[in-house]
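Today I am opening my notebook on helix packing.

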Amino acid sequence: MTTHDIAVIPGDGIGLEVTPAALEVARAAGRRHGFELRLTEFDWSCERYLREGTMMPADGLERLRGFDAVFLGAVGFPGVPDHVSLWGLLIPIRRAFQQYVNLRPVRLFDGIEAPVRATDIDFVVVRENTEGEYSEIGGRMNRGFPDEMAVQEAVFTRKGVTRVLDYAFGLAGRRGGYLTSATKSNGIVHTLPFWDELVKERAAEHPGVRWDQEHIDALCAKLVLDPSRFDVIVGSNLFGDILSDLAAAVTGSIGIAPSANLNPEREFPSMFEPVHGSAPDIAGRGVANPIGAIWSAAMMLDHLGHAEAAEQIVAAIATVLAKGDVRTRDLGGTAGTDEFTQAVLALLV
Ligand code: ATP
Ligand code: MG
């Protein structure tokens, strides 16, 4: 039997509740499809930060390196600034392991009331995950004086942009054959014109994919007004971040949205995590929607070579939602995390 070694970081808040749910579903799929997940849990979290001063130990990245994949619940804690969990855990993992593709599928399931009128929403946001606007280059000057200023440099490299575009064009080729590039080259005069040039260059290498580009402001409007027209949307680190949260909201609840941080070359482990945060307002009550985490686990199985198992998990989620009697509160139901998880598991035996 194939065994995959998975590093599990449940994190904080509802991460501790949705992670076991997702892995239980993934293991059930494994029993059905003849593979096993060997789980090693790490307590790296904001709670650890408050106790010991760091999110993870100094050799944390080294310890993760040998795993086949990393599954992360959510990190965040009231009173701990977001930059601590971001720069203390998430960003180091994404960068050290060259997880340059952040993949966020967006789908409107039957039975979910979306805040938009469209019905057939099914697209993927590909976000550049290692460079771009989220750079440490820049600084603050003249604090407290009339000439106070802040400067932040965005970094777009030919290598970094090309590799994420190639992934996105490849994905579009395997899906509906249509790619949309998010840009703002009418206002940003150096980085995004470079991005646009590289899009044209890569498009020439992928002649089977139809493509267009939209300025980020117009694209946001279209995602609300006409989300059905999209297939694959590719954007820089910042644009991809904004688009994927917007898209999650358009399809019903942030609790549904999954994500994968991929190292497509498989030189290092990839990391899978729901899009939502630790949700301290509902943590510890067993009411969190586990769909984002379960779907992320399905993406992990897909990455590990079990496409059929992954599809069955997503189909089971769709079936439970379409039936409508078991749904969590964020979707207008009364079910808890466990009840929803059991309903999915019942379809996987
Ligand atoms: P963090 O600081 O970790 O990002 P946050 O306060 O930003 O946490 P999010 O997790 O991003 O919280 O959630 C924003 C809102 O969405 C909260 O009201 C939260 O309760 C709700 N929410 C998020 N995830 C879920 C989920 N899985 N099920 C139900 N509600 C959720
Ligand atoms: Mg948040």
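I began with helix H9 (residues 291-303) and helix H10 (residues 307-323), which pack at an angle of about 160 degrees with axes 7 Å apart. Axes here are lines fitted to C-alpha atoms over the stretch in contact, and angles run from 0 to 180 degrees between N-to-C directions. Helices are DSSP runs (H or I, at least four residues) numbered from the N terminus. That angle makes H9 roughly antiparallel to H10 (the word covers angles over 145 degrees).

This is a predicted model, in which local features need pLDDT of at least 70 and side-chain atom pairs count only at pLDDT 80 or more, while totals for chains, interfaces and linings use all residues. Residues are numbered from 1 along each chain as its sequence is written, and chains are lettered from A and ligands numbered from 1 in the order in which they are written.

Next I looked up who meets whom: residues of H9 including Ile-294, Trp-295 and Ala-298 meet residues of H10, among them Ala-310, Ile-313 and Val-314. Contact means C-beta atoms, placed from the backbone, within 7 Å.

I then turned to helix H1 (residues 15-33), which packs with H9 at about 40 degrees, axes 8 Å apart.

Last, I checked Val-126, which touches Val-101, Leu-103 and Val-164, among others, not counting residues up to four places away in sequence.

Technical notes. Helices (H or I, at least four residues) and strands (E, at least two) are DSSP runs, numbered from the N terminus. Angles under 35 degrees count as roughly parallel, over 145 as roughly antiparallel, 65 to 115 as roughly perpendicular and the rest as oblique. Two residues are in contact if their C-beta atoms, placed from the backbone, lie within 7 Å.
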